[in-house]
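Thank you all for coming; I would like to walk you slowly through one protein model this morning. Please have the sequence and the structure open while I talk.

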Amino acid sequence: MSTLYKGISSLALTGESFGDVLVVENAALAVADGKVLYAGPASKAPACDQEIDLGGRSVIPGFVDSHAHLIFAGERSEEFASRITGKPYAAGGIRTTVRATRAASDEELRANAEKLIAEFYASGITQFEIKSGYGLDVETELRSLKIAAEHTQHTTFLGAHVVPEGVQRADYIKSVTGEMLQAVRPYAKWIDVFCDQGAFSVEETKQILEAGIAAGLKPRLHANQIANLGVIPLAVELNCASVDHATHLTAEDIAVLSGSNTVVTLLPGAEFSTKSPYPDARRLASAGITLAIATDCNPGSSYTTSMPFCIAVAVREMGLTPEQALWAATRGGAKALRTEGGSLEVGASADFVVLDAPSHVFLSYRPGVQLVSQTYIAGRRVFERQ
Ligand code: NIG
Ligand code: FE
(Lines give C-alpha, C1' and ligand atoms only; values in the text may rest on other atoms or scores of the structure.)
(Ligands and ions follow the chains in the order given, each with its own letter.)
Protein backbone atom coordinates (compact mmCIF):
# COMPACT_ATOMS: atom_id res chain seq x y z
CA MET A 1 0.00 0.00 0.00
CA SER A 2 1.48 3.38 -1.02
CA THR A 3 0.28 6.83 0.04
CA LEU A 4 0.97 10.17 -1.59
CA TYR A 5 0.90 13.21 0.71
CA LYS A 6 0.28 16.17 -1.53
CA GLY A 7 -0.63 19.83 -1.03
CA ILE A 8 2.67 20.43 0.83
CA SER A 9 3.61 24.11 0.70
CA SER A 10 7.18 23.41 1.73
CA LEU A 11 9.10 20.25 2.45
CA ALA A 12 12.36 20.51 4.42
CA LEU A 13 14.93 17.89 3.47
CA THR A 14 17.95 17.46 5.71
CA GLY A 15 21.31 16.59 4.18
CA GLU A 16 24.34 14.82 5.58
CA SER A 17 26.31 17.78 6.92
CA PHE A 18 25.43 20.17 9.72
CA GLY A 19 22.86 22.79 8.77
CA ASP A 20 22.28 21.36 5.30
CA VAL A 21 18.54 21.84 4.67
CA LEU A 22 16.94 21.90 1.23
CA VAL A 23 13.47 23.42 1.12
CA VAL A 24 11.24 22.22 -1.71
CA GLU A 25 8.11 24.25 -2.39
CA ASN A 26 4.93 22.71 -3.85
CA ALA A 27 6.14 19.32 -2.74
CA ALA A 28 4.88 15.80 -2.26
CA LEU A 29 5.91 12.87 -0.11
CA ALA A 30 5.21 9.28 -1.06
CA VAL A 31 5.30 6.50 1.52
CA ALA A 32 5.18 2.75 0.97
CA ASP A 33 5.55 0.02 3.58
CA GLY A 34 6.54 2.56 6.21
CA LYS A 35 9.41 3.91 4.14
CA VAL A 36 9.95 7.04 2.06
CA LEU A 37 9.34 6.26 -1.60
CA TYR A 38 9.67 9.82 -2.85
CA ALA A 39 10.22 13.30 -1.39
CA GLY A 40 10.46 16.25 -3.76
CA PRO A 41 8.55 18.44 -6.18
CA ALA A 42 4.89 17.50 -6.56
CA SER A 43 5.29 17.65 -10.33
CA LYS A 44 7.55 14.58 -10.28
CA ALA A 45 5.72 12.53 -7.66
CA PRO A 46 4.84 8.91 -8.49
CA ALA A 47 1.25 7.64 -8.60
CA CYS A 48 0.21 5.95 -5.34
CA ASP A 49 -2.65 3.74 -4.13
CA GLN A 50 -4.14 6.60 -2.12
CA GLU A 51 -3.67 10.36 -1.82
CA ILE A 52 -3.92 12.65 1.19
CA ASP A 53 -4.07 16.41 0.67
CA LEU A 54 -2.28 18.32 3.41
CA GLY A 55 -3.91 21.58 2.34
CA GLY A 56 -0.82 23.79 2.10
CA ARG A 57 0.83 22.68 5.34
CA SER A 58 4.57 22.07 5.55
CA VAL A 59 6.41 18.83 6.25
CA ILE A 60 9.66 18.25 8.09
CA PRO A 61 11.49 15.09 9.21
CA GLY A 62 10.51 13.81 12.66
CA PHE A 63 12.60 15.18 15.51
CA VAL A 64 15.17 12.90 17.10
CA ASP A 65 15.49 13.65 20.82
CA SER A 66 18.89 12.30 21.81
CA HIS A 67 18.71 13.29 25.50
CA ALA A 68 15.75 12.64 27.78
CA HIS A 69 15.29 11.52 31.37
CA LEU A 70 11.80 10.05 31.29
CA ILE A 71 11.98 7.56 34.16
CA PHE A 72 11.21 9.43 37.36
CA ALA A 73 8.46 10.23 39.81
CA GLY A 74 7.44 13.49 41.45
CA GLU A 75 8.14 17.06 40.42
CA ARG A 76 10.27 20.00 41.54
CA SER A 77 8.24 23.10 40.79
CA GLU A 78 9.26 24.69 44.10
CA GLU A 79 12.92 24.34 43.19
CA PHE A 80 12.17 25.93 39.80
CA ALA A 81 10.34 28.82 41.43
CA SER A 82 13.22 29.41 43.85
CA ARG A 83 15.58 29.90 40.90
CA ILE A 84 13.47 32.70 39.57
CA THR A 85 14.22 34.58 42.77
CA GLY A 86 17.94 33.92 42.44
CA LYS A 87 18.82 30.49 43.84
CA PRO A 88 21.32 28.85 41.46
CA TYR A 89 20.76 25.39 39.96
CA ALA A 90 22.77 22.68 41.74
CA ALA A 91 23.27 18.98 41.02
CA GLY A 92 21.98 18.13 44.52
CA GLY A 93 18.35 18.60 43.45
CA ILE A 94 18.61 15.26 41.66
CA ARG A 95 18.42 13.53 45.06
CA THR A 96 14.87 14.85 45.59
CA THR A 97 13.76 13.00 42.47
CA VAL A 98 15.73 9.91 43.50
CA ARG A 99 13.66 9.67 46.71
CA ALA A 100 10.38 9.90 44.78
CA THR A 101 11.53 7.48 42.07
CA ARG A 102 12.62 4.79 44.52
CA ALA A 103 9.24 5.02 46.23
CA ALA A 104 7.28 4.67 42.98
CA SER A 105 6.01 1.37 41.58
CA ASP A 106 6.93 0.14 38.10
CA GLU A 107 3.38 0.98 37.00
CA GLU A 108 3.72 4.55 38.20
CA LEU A 109 7.09 5.01 36.50
CA ARG A 110 5.79 3.46 33.29
CA ALA A 111 2.64 5.58 33.28
CA ASN A 112 4.65 8.77 33.79
CA ALA A 113 7.05 7.85 30.97
CA GLU A 114 4.14 7.03 28.64
CA LYS A 115 2.46 10.34 29.38
CA LEU A 116 5.69 12.13 28.47
CA ILE A 117 6.13 10.03 25.31
CA ALA A 118 2.61 11.04 24.21
CA GLU A 119 3.75 14.64 24.68
CA PHE A 120 6.85 13.87 22.59
CA TYR A 121 4.63 12.72 19.74
CA ALA A 122 2.55 15.86 20.04
CA SER A 123 5.74 17.89 19.74
CA GLY A 124 6.89 16.03 16.62
CA ILE A 125 9.49 13.75 18.22
CA THR A 126 9.63 10.38 16.45
CA GLN A 127 12.77 8.83 17.99
CA PHE A 128 14.07 9.40 21.49
CA GLU A 129 16.66 8.30 23.99
CA ILE A 130 15.77 7.47 27.61
CA LYS A 131 18.23 7.60 30.50
CA SER A 132 18.11 6.06 33.93
CA GLY A 133 19.71 8.08 36.71
CA TYR A 134 16.99 8.65 39.31
CA GLY A 135 17.31 5.24 40.91
CA LEU A 136 20.96 5.24 41.94
CA ASP A 137 20.70 1.81 43.53
CA VAL A 138 20.86 -1.52 41.73
CA GLU A 139 17.17 -2.28 42.04
CA THR A 140 15.82 1.08 40.88
CA GLU A 141 18.38 1.60 38.09
CA LEU A 142 17.46 -1.85 36.80
CA ARG A 143 13.72 -1.14 37.01
CA SER A 144 14.28 2.18 35.24
CA LEU A 145 16.22 0.67 32.36
CA LYS A 146 13.78 -2.20 31.92
CA ILE A 147 10.94 0.29 31.53
CA ALA A 148 13.06 2.49 29.24
CA ALA A 149 13.84 -0.51 27.02
CA GLU A 150 10.11 -1.16 26.58
CA HIS A 151 9.87 2.18 24.78
CA THR A 152 13.11 2.77 22.89
CA GLN A 153 16.25 1.05 21.65
CA HIS A 154 18.23 4.14 22.70
CA THR A 155 18.65 3.39 26.41
CA THR A 156 21.31 4.97 28.61
CA PHE A 157 22.67 3.94 31.99
CA LEU A 158 23.25 7.10 34.04
CA GLY A 159 24.04 5.54 37.42
CA ALA A 160 26.73 8.22 37.66
CA HIS A 161 24.24 11.08 37.94
CA VAL A 162 25.22 12.04 41.51
CA VAL A 163 26.37 10.07 44.54
CA PRO A 164 23.14 9.20 46.39
CA GLU A 165 22.48 10.02 50.04
CA GLY A 166 23.87 7.67 52.65
CA VAL A 167 26.47 5.98 50.44
CA GLN A 168 30.23 6.55 50.54
CA ARG A 169 31.54 7.97 47.29
CA ALA A 170 34.10 5.21 46.74
CA ASP A 171 31.51 2.50 47.45
CA TYR A 172 29.07 4.07 45.03
CA ILE A 173 31.61 4.28 42.21
CA LYS A 174 32.50 0.66 42.90
CA SER A 175 28.86 -0.29 42.45
CA VAL A 176 28.35 1.81 39.29
CA THR A 177 31.40 0.22 37.69
CA GLY A 178 30.63 -3.25 39.05
CA GLU A 179 27.41 -4.75 40.35
CA MET A 180 25.04 -2.07 39.05
CA LEU A 181 26.66 -2.00 35.62
CA GLN A 182 26.45 -5.79 35.31
CA ALA A 183 22.79 -5.77 36.36
CA VAL A 184 21.65 -3.12 33.86
CA ARG A 185 23.91 -4.13 30.99
CA PRO A 186 21.30 -6.21 29.11
CA TYR A 187 18.97 -3.20 28.99
CA ALA A 188 21.40 -0.35 28.25
CA LYS A 189 23.08 0.61 25.03
CA TRP A 190 24.91 3.69 26.34
CA ILE A 191 26.77 4.73 29.47
CA ASP A 192 26.60 8.36 30.59
CA VAL A 193 28.22 10.31 33.43
CA PHE A 194 27.35 13.75 34.78
CA CYS A 195 30.85 15.22 34.88
CA ASP A 196 30.34 18.52 36.65
CA GLN A 197 30.55 20.44 39.89
CA GLY A 198 28.63 18.54 42.57
CA ALA A 199 28.53 15.37 40.48
CA PHE A 200 31.61 13.45 39.20
CA SER A 201 35.23 14.50 38.57
CA VAL A 202 37.17 13.94 35.35
CA GLU A 203 39.12 11.08 36.93
CA GLU A 204 35.93 9.39 38.16
CA THR A 205 34.30 9.95 34.77
CA LYS A 206 37.21 8.20 33.07
CA GLN A 207 36.94 5.25 35.41
CA ILE A 208 33.16 4.93 34.97
CA LEU A 209 33.10 5.35 31.19
CA GLU A 210 35.95 2.89 30.75
CA ALA A 211 34.13 0.31 32.87
CA GLY A 212 31.01 0.82 30.75
CA ILE A 213 32.97 0.48 27.52
CA ALA A 214 34.57 -2.72 28.82
CA ALA A 215 31.05 -4.02 29.52
CA GLY A 216 30.04 -3.33 25.91
CA LEU A 217 28.22 -0.02 26.38
CA LYS A 218 28.98 3.06 24.28
CA PRO A 219 29.97 6.32 25.96
CA ARG A 220 28.20 9.71 26.04
CA LEU A 221 28.48 12.51 28.54
CA HIS A 222 26.72 15.24 30.50
CA ALA A 223 29.41 17.87 30.91
CA ASN A 224 30.21 21.53 31.48
CA GLN A 225 26.68 22.51 32.51
CA ILE A 226 27.57 24.20 35.80
CA ALA A 227 31.35 24.41 35.51
CA ASN A 228 34.13 23.33 33.17
CA LEU A 229 36.09 20.57 34.92
CA GLY A 230 38.22 19.97 31.81
CA VAL A 231 36.67 16.73 30.56
CA ILE A 232 36.31 17.58 26.87
CA PRO A 233 39.67 16.07 25.75
CA LEU A 234 38.77 12.82 27.55
CA ALA A 235 35.31 12.76 25.93
CA VAL A 236 36.87 12.98 22.49
CA GLU A 237 39.62 10.51 23.34
CA LEU A 238 37.03 7.95 24.48
CA ASN A 239 34.99 8.61 21.32
CA CYS A 240 31.90 9.77 23.17
CA ALA A 241 29.03 9.99 20.70
CA SER A 242 28.01 13.28 22.24
CA VAL A 243 28.80 15.77 24.98
CA ASP A 244 25.62 17.33 26.23
CA HIS A 245 25.03 20.76 27.78
CA ALA A 246 28.50 22.14 26.92
CA THR A 247 27.40 25.46 28.35
CA HIS A 248 30.95 26.35 29.41
CA LEU A 249 33.66 25.64 26.83
CA THR A 250 37.15 27.09 26.35
CA ALA A 251 38.68 27.89 22.96
CA GLU A 252 40.84 24.75 23.42
CA ASP A 253 37.73 22.64 24.04
CA ILE A 254 36.20 23.97 20.84
CA ALA A 255 39.37 23.16 18.92
CA VAL A 256 39.40 19.61 20.30
CA LEU A 257 35.71 19.08 19.44
CA SER A 258 35.97 20.44 15.93
CA GLY A 259 37.14 17.72 13.63
CA SER A 260 36.21 15.06 16.19
CA ASN A 261 33.51 12.45 15.90
CA THR A 262 31.78 13.82 19.01
CA VAL A 263 28.55 15.77 18.59
CA VAL A 264 27.78 18.68 20.92
CA THR A 265 24.17 18.42 22.08
CA LEU A 266 22.58 21.71 23.00
CA LEU A 267 19.90 21.63 25.69
CA PRO A 268 18.22 25.02 25.45
CA GLY A 269 15.48 24.02 27.88
CA ALA A 270 18.10 23.56 30.59
CA GLU A 271 19.61 27.02 30.33
CA PHE A 272 16.13 28.47 30.07
CA SER A 273 14.83 26.68 33.15
CA THR A 274 17.93 27.10 35.27
CA LYS A 275 18.41 30.77 34.32
CA SER A 276 21.91 30.01 33.04
CA PRO A 277 23.89 31.64 30.26
CA TYR A 278 23.38 30.09 26.83
CA PRO A 279 26.31 28.55 24.95
CA ASP A 280 27.34 30.40 21.80
CA ALA A 281 26.14 27.81 19.32
CA ARG A 282 26.97 30.00 16.36
CA ARG A 283 30.61 29.95 17.42
CA LEU A 284 30.51 26.15 17.73
CA ALA A 285 28.91 25.85 14.31
CA SER A 286 31.55 28.13 12.79
CA ALA A 287 34.24 25.88 14.25
CA GLY A 288 32.78 22.98 12.26
CA ILE A 289 31.30 21.13 15.25
CA THR A 290 28.24 18.98 14.58
CA LEU A 291 25.38 20.14 16.81
CA ALA A 292 22.25 18.42 18.04
CA ILE A 293 19.34 19.92 19.96
CA ALA A 294 17.55 17.80 22.57
CA THR A 295 14.84 18.46 25.15
CA ASP A 296 16.73 17.09 28.20
CA CYS A 297 13.23 16.43 29.53
CA ASN A 298 13.60 15.93 33.31
CA PRO A 299 11.83 17.27 36.40
CA GLY A 300 14.79 19.34 37.61
CA SER A 301 16.54 21.37 34.95
CA SER A 302 14.30 21.18 31.87
CA TYR A 303 10.75 19.94 32.32
CA THR A 304 9.74 20.32 28.70
CA THR A 305 8.79 17.79 26.02
CA SER A 306 8.59 20.44 23.33
CA MET A 307 11.24 20.28 20.64
CA PRO A 308 9.72 23.34 18.90
CA PHE A 309 10.28 25.29 22.12
CA CYS A 310 13.93 24.13 22.22
CA ILE A 311 14.36 25.12 18.57
CA ALA A 312 12.90 28.56 19.21
CA VAL A 313 15.29 29.13 22.12
CA ALA A 314 18.28 27.84 20.14
CA VAL A 315 17.47 30.28 17.35
CA ARG A 316 16.67 33.25 19.57
CA GLU A 317 19.30 32.80 22.28
CA MET A 318 22.08 30.64 20.87
CA GLY A 319 22.43 32.17 17.42
CA LEU A 320 21.48 29.25 15.20
CA THR A 321 19.68 29.87 11.94
CA PRO A 322 16.26 28.19 11.63
CA GLU A 323 17.84 25.73 9.18
CA GLN A 324 20.71 24.87 11.53
CA ALA A 325 18.26 24.41 14.39
CA LEU A 326 15.98 22.18 12.32
CA TRP A 327 18.95 20.08 11.23
CA ALA A 328 20.25 19.85 14.82
CA ALA A 329 16.86 18.65 16.10
CA THR A 330 16.52 16.00 13.40
CA ARG A 331 19.67 14.69 11.77
CA GLY A 332 21.86 16.07 14.55
CA GLY A 333 19.94 14.06 17.14
CA ALA A 334 20.36 10.93 15.02
CA LYS A 335 24.10 11.55 14.75
CA ALA A 336 24.32 12.06 18.51
CA LEU A 337 22.75 8.60 18.87
CA ARG A 338 24.86 7.21 16.02
CA THR A 339 21.74 5.97 14.33
CA GLU A 340 19.72 6.56 11.20
CA GLY A 341 16.91 9.09 11.26
CA GLY A 342 16.05 12.74 10.96
CA SER A 343 16.00 12.47 7.18
CA LEU A 344 13.42 11.88 4.46
CA GLU A 345 15.80 10.26 2.01
CA VAL A 346 14.32 7.57 -0.20
CA GLY A 347 14.32 4.33 1.76
CA ALA A 348 14.39 6.02 5.18
CA SER A 349 11.73 5.23 7.76
CA ALA A 350 8.78 7.53 7.02
CA ASP A 351 9.09 9.53 10.25
CA PHE A 352 7.70 12.97 9.54
CA VAL A 353 5.78 15.88 10.96
CA VAL A 354 3.06 17.99 9.35
CA LEU A 355 3.17 21.59 10.53
CA ASP A 356 0.17 23.85 10.44
CA ALA A 357 2.42 26.57 9.00
CA PRO A 358 3.84 27.41 5.59
CA SER A 359 7.43 26.52 6.54
CA HIS A 360 9.75 25.21 9.26
CA VAL A 361 10.82 28.80 10.05
CA PHE A 362 7.52 29.20 11.87
CA LEU A 363 8.81 26.86 14.59
CA SER A 364 10.86 29.74 15.99
CA TYR A 365 8.86 32.58 14.45
CA ARG A 366 5.71 31.49 16.35
CA PRO A 367 7.10 30.35 19.70
CA GLY A 368 4.79 28.62 22.12
CA VAL A 369 2.14 27.89 19.48
CA GLN A 370 1.19 24.26 18.81
CA LEU A 371 2.04 24.07 15.11
CA VAL A 372 2.46 20.29 15.00
CA SER A 373 -0.63 19.07 13.22
CA GLN A 374 0.29 15.41 12.71
CA THR A 375 3.22 13.14 13.57
CA TYR A 376 4.03 9.92 11.69
CA ILE A 377 6.41 7.11 12.60
CA ALA A 378 7.18 4.58 9.85
CA GLY A 379 4.20 5.93 7.94
CA ARG A 380 1.81 5.42 10.85
CA ARG A 381 0.12 8.43 12.41
CA VAL A 382 0.91 8.61 16.13
CA PHE A 383 -0.48 12.09 16.77
CA GLU A 384 -3.12 14.32 15.24
CA ARG A 385 -4.04 17.70 16.66
CA GLN A 386 -7.73 17.97 17.42
O1 NIG B 1 20.69 17.00 32.17
N2 NIG B 1 22.62 17.70 34.56
C3 NIG B 1 22.31 16.62 34.97
N4 NIG B 1 21.16 16.00 34.81
C5 NIG B 1 19.98 16.63 34.34
C6 NIG B 1 19.25 17.33 35.42
C7 NIG B 1 18.88 16.46 36.49
C8 NIG B 1 18.02 17.09 37.54
O9 NIG B 1 18.23 18.25 37.94
O10 NIG B 1 17.13 16.35 37.99
C11 NIG B 1 20.25 17.52 33.17
O12 NIG B 1 20.06 18.73 33.19
FE1 FE C 1 20.32 15.56 31.09
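Leaving aside its neighbours within four places in sequence, which residues is serine 58 in contact with? Before I reply, please note that this is a predicted model, in which local features need pLDDT of at least 70 and side-chain atom pairs count only at pLDDT 80 or more, while totals for chains, interfaces and linings use all residues. Residues are numbered from 1 along each chain as its sequence is written, and chains are lettered from A and ligands numbered from 1 in the order in which they are written.

Serine 58, then, is in contact with Ile8, Ser9, Ser10, Leu355, Ala357, Pro358, Ser359 and His360, where contact means that two C-beta atoms, placed from the backbone, lie within 7 Å. Serine 58 belongs to strand β4; strands (E, at least two residues) and helices (H or I, at least four) are DSSP runs, numbered from the N terminus. Serine 58 counts as buried because it has 26 C-beta neighbours inside 10 Å; the cut-offs are 20 or more other C-beta atoms within 10 Å for buried, 12 or fewer for exposed, and in between for partly exposed, with C-beta atoms placed from the backbone. From serine 58 to isoleucine 8 the separation is 50 residues in sequence, yet 5.3 Å in space, C-alpha to C-alpha.

Let me turn to the domains. The protein chain is divided into domain 1 (2-61 + 344-384) and domain 2 (64-336), with bounds that come from an automatic or database domain assignment. Their C-alpha centres lie 29 Å apart, and the contact takes 21 residues from domain 1 and 24 residues from domain 2. On the side of domain 1 that touches domain 2, β14 gives the most, with three residues.

Next comes the core. The largest nonpolar core has 122 residues, and those with the most contacts inside it are Leu29, Leu266, Leu291, Ile293, Ile311, Ala314 and Ala328; by nonpolar core I mean a set of buried Ala, Val, Leu, Ile, Met, Phe, Trp, Tyr and Cys residues joined through C-beta atoms within 7 Å. Helix α12 (residues 307-318) supplies the largest share of this core, nine residues. Both domain 1 and domain 2 give residues to this core, so it lies between them. Leucine 266, not counting residues up to four places away in sequence, touches Pro279, Ala281, Leu291, Ala292, Ile293, Ala314, Met318 and Ala328.

How does α12 pack with helix α13 (residues 322-329), and at what angle? The angle is about 140°, with the axes 9 Å apart; axes are lines fitted to C-alpha atoms, for helices over the stretch in contact, and angles run from 0 to 180 degrees between N-to-C directions. That makes α12 oblique to α13, since angles under 35 degrees count as roughly parallel, over 145 as roughly antiparallel, 65 to 115 as roughly perpendicular and the rest as oblique. In α12, Met307, Cys310, Ile311, Ala314 and Val315 meet Pro322, Ala325, Leu326, Ala328 and Ala329 in α13.

I will finish with two backbone angles. Most residues other than glycine have a negative phi. Asparagine 26, in strand β2 (residues 21-32), has a positive phi near 45°, and it is partly exposed, with 14 other C-beta atoms within 10 Å. Histidine 245, found in strand β10 (residues 242-245), also has a positive phi, of about 90°, but histidine 245 counts as buried, with 26 C-beta neighbours inside 10 Å.
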